[in-house]
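Subject: Structure for you to look over

Dear colleague,

I am passing on the structure we spoke about, and would be glad if you could read it alongside the notes below. Please open it first and then go through the findings with it in view.

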Amino acid sequence: ATRIRESQSIEQCKIVVGSDDKMSSPEQAHRLASLLGLSTGPNSLEHEEHEILCSFKIIEGCGHAVPMEEMRLWREDLLSFLN
């Protein structure tokens, strides 16, 4: 996370994790989002220059393969983030 922040290569990111993920737990994903600069809300744009605005979401009932297990929810969430 430190290298990503220092590189200033991204301004926004989205971390999506399954609630039942055994490889990357929701707690680990939330910690990564916090280290990157977890946003305070879905439309929050208040951040310091070169800070990463990171949003975080848990998809209930999914394991590690969220895009395959809940492809519609994942796709809708991704498209919402990109727009």
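Predicted model: local features only at pLDDT ≥ 70, side-chain atom pairs only at ≥ 80, totals over all residues.

Overall fold

The protein contains four helices and two strands, and from the N terminus on these elements run in the order α-β-α-β-α-α. Of its 83 residues, 27% count as buried, while the accessible surface comes to about 6100 Å², with 51% of that area belonging to carbon and sulfur atoms. Among the contacts in the protein with a separation of 6 or more, 62% are accounted for by residues 24 or more positions apart.

Helix α2 spans residues 26-36, and its buried residues are Pro26, Ala29, Ala33 and Leu36. These residues cover an arc of only 90° around the axis, which puts them on the same side of α2.

As a general matter, nonpolar side chains tend to be buried together in soluble globular proteins.

Ala29 is buried, with a relative accessible area of 5%, and, leaving aside its neighbours within four places in sequence, Ala29 is in contact with Ile15, Val17 and Phe56. The C-alpha atoms of Ala29 and Gly18, which are 11 residues apart along the chain, are separated by 9.7 Å.

The salt bridges

How many salt bridges does a search of the whole structure find? The search finds two, and the residues Lys14, Lys57 and Asp77 are linked through them in a network.

In one of these pairs, Lys14 forms a salt bridge with Asp77, the closest N and O atoms being 3.2 Å apart. Because Lys14 lies in strand β1 and Asp77 in helix α4, this pair ties together parts that are 63 residues apart in sequence. Asp77 also forms a salt bridge with Lys57, and here the closest N and O atoms are 3.4 Å apart. Since Lys57 lies in strand β2 (residues 53-59) and Asp77 in helix α4, that pair ties together parts that are 20 residues apart in sequence.

Is Asp77 buried or exposed? At 12% relative accessibility, Asp77 counts as buried, whereas Lys14 is partly exposed, with a relative accessible area of 28%, and Lys57, at 31% relative accessibility, likewise counts as partly exposed.

The surface of helix α4

Leu78, Leu79 and Leu82 form a nonpolar patch on the surface, and together they have about 270 Å² of accessible area. Leu78 is placed in helix α4 (residues 71-82) and is partly exposed, with a relative accessible area of 32%. Leu82 is also found in helix α4, and this residue is exposed, with a relative accessible area of 56%. The C-alpha atoms of Leu82 and Lys14 are separated by 9.6 Å, although the two residues are 68 apart along the chain.

Gly63 has its place in the loop between β2 and α3 (66-69), and at 12% relative accessibility Gly63 counts as buried. Not counting residues up to four places away in sequence, Gly63 touches Gly18, Asp20, Asp21 and Glu69. Gly63 and Asp20 are 43 residues apart in sequence, yet from C-alpha to C-alpha they are 4.5 Å apart in space.

Technical notes
Residues numbered from 1 in each chain as written. Heavy atoms only, no water. Patch = residues over 30% accessible without salt bridge, like charges linked within 9 Å, V, L, I, M, F, W, Y side chains within 5 Å. Areas by Shrake-Rupley, 256 points an atom, 1.4 Å probe, with all protein chains shown as cover. Salt bridge = Lys/Arg side-chain N within 4 Å of Asp/Glu carboxyl O. Buried < 20%, exposed > 50% of the residue type's maximum accessible area, 1.4 Å probe, protein only. Arc of directions from axis to C-beta. Contact = heavy atoms within 4.5 Å.
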